[in-house]
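Work through the following exercises with the sequence and the structure beside you, and try each task before you read its solution.

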Amino acid sequence: MTVVADLSRNLPPPVPETNQAFRAALTDLLVETDFTALTRTHRFMGTERDRIQGGKWLARRLGKAPDPERVVLTNGTLSAMNMIYPAIMRPGETLLTEPLTYPAVPAIARQYGFRTESVACDVDGMVPAALDEACRRFKPKALYCLATLQNPTTLVMPLSRRQEIIEIARRHNLAIVEDDIYSALPEDAPPPISALAPDISWYILGLGKSFTVGLRFAYVAAPSGAEAKRAFWPGVRSTFWMAAPITAAVVSHWMESGMASRLFEAVRAEAASRHAMAISALAGLDFASPPGAIHGWLKLPNGQREAFHAQLKARGVLAGDAAPFVTDGGPVPDAARVCFGSPETRDELAVGLRAIAETTVEVSAHPSLTGERK
Ligand SMILES: Cc1ncc(COP(=O)(O)O)c(C=O)c1O
């Protein structure tokens with residue numbers, strides 16, 4: 001199959017400023033840096049300077065910079081989670097998630113022998129009564145959540161719901177692991193749960209979805225300096241979770257020079273243009289994508305999920321299937337994730353969006369008899 005438009009991968013849109021930002025940072029670093037010293041050892045949790053710069057970036061979401069002792073530089077969100085869960089949970093204990101969630105999280109849980117249970121969501125995200133009930137029933141240790149632009153559903157939990165979740169978490173001694181990776185681009189996202197309850201939260205802000213995915217970099221704000229050390233000090237586990245020294249040096253240079261903001265704003269502007277294209281192309285369909293999102297969640301006609309993807313592929317277009325996001329063997333919703341950033345160009349995006357709109361209407365008008373039944 002020749003792919004003419006790939007809207008299946010959740011990447012930030014490509015912008016020329018990425019190239020400029022790397023060139024500027026690497027040129028300066030070549031002049032200023034003693035690379036023997038830079039690469040002689042690991043960067044571990046980040047230098048004092050890295051963690052201060054990181055704190056300033058985190059302040060954009062957390063409201064104020066966390067104490068640098070709480071800040072850890074990591075080789076991306078996944079690496080951070082591979083350290084955090086085993087630090088706060090033992091095999092056999094339960095991690096709560098949303099019913100549809102980032103597929104890597106249940107996979108990490110399986111790897112470490114944790115159980116996962118999902119908590120029902122409504123239009124405002126996780127349902128407080130369902131969370132309370134799950135806490136009583138499963139005595140979970142931690143909750144993984146994406147309160148802002150949930151992957152895949154794009155739900156944004158309003159402030160009042162965040163406060164309710166915190167109240168229940170405190171009552172049941174539940175740690176919160178908040179993945180805020182999609183939160184940076186929207187202009188008006190509510191504050192993270194971690195800003196409201198830092199003492200029980202592990203906050204992770206990956207740069208992969210707002211800068212560029214291959215950077216492999218995420219900041220963590222731990223509940224305390226002591227907890228950060230306990231989870232991340234490199235002796236404790238045999239994985240290279242820490243940011244590579246050259247990457248850390250580039251990111252800190254971007255933060256100090258203002259280049260981080262320039263690159264980020266360029267991605268934000270391109271993402272907004274693509275978001276507008278998607279909203280217009282999919283108007284009239286059951287499509288959720290709040291401002292600032294780089295993906296949207298498209299509801300499909302009942303039982304037509306497989307037919308939709310088959311017909312779309314026949315046109316050379318890819319959208320994200322819902323199946324991998326289902327955590328607990330529950331039914332796969334008739335929906336698809338549509339990603340605006342993965343096409344190389346806006347033309348490719350336009351081709352993909354048109355095909356998605358037409359295919360949704362087609363499977364609705366002529367339902368496939370072989371379509372999946374619920
Ligand atoms: C919700 C979520 N968290 C984390 C990641 C990956 O983050 P990183 O590249 O920082 O490991 C993704 C990537 O798809 C994601 O969707």
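**Exercise 1.** Find how many residue pairs are in polar contact between domain 1 and domain 2.

*Solution.* Begin with the bounds, which come from an automatic or database domain assignment: domain 1 covers 5–15 + 261–365, and domain 2 covers 44–243. Next apply the rule for a polar contact, a pair of N or O atoms within 3.5 Å, where within protein one must be able to donate a hydrogen and the other to accept it, and residues adjacent in sequence count only if both atoms are side-chain atoms. The count is 12 residue pairs, both at pLDDT 80 or more.

This is a predicted model, in which local features need pLDDT of at least 70 and side-chain atom pairs count only at pLDDT 80 or more, while totals for chains, interfaces and linings use all residues. Residues are numbered from 1 along each chain as its sequence is written, and side-chain values use heavy atoms, with hydrogens and water left out.

**Exercise 2.** Identify the side chains that meet in a salt bridge.

*Solution.* Look for a side-chain nitrogen of Lys or Arg within 4 Å of a carboxyl oxygen of Asp or Glu. Across the interface of domain 1 and domain 2 this rule finds one salt bridge. The side chains of Glu187 and Arg268 form a salt bridge, at 3.7 Å from N to O.
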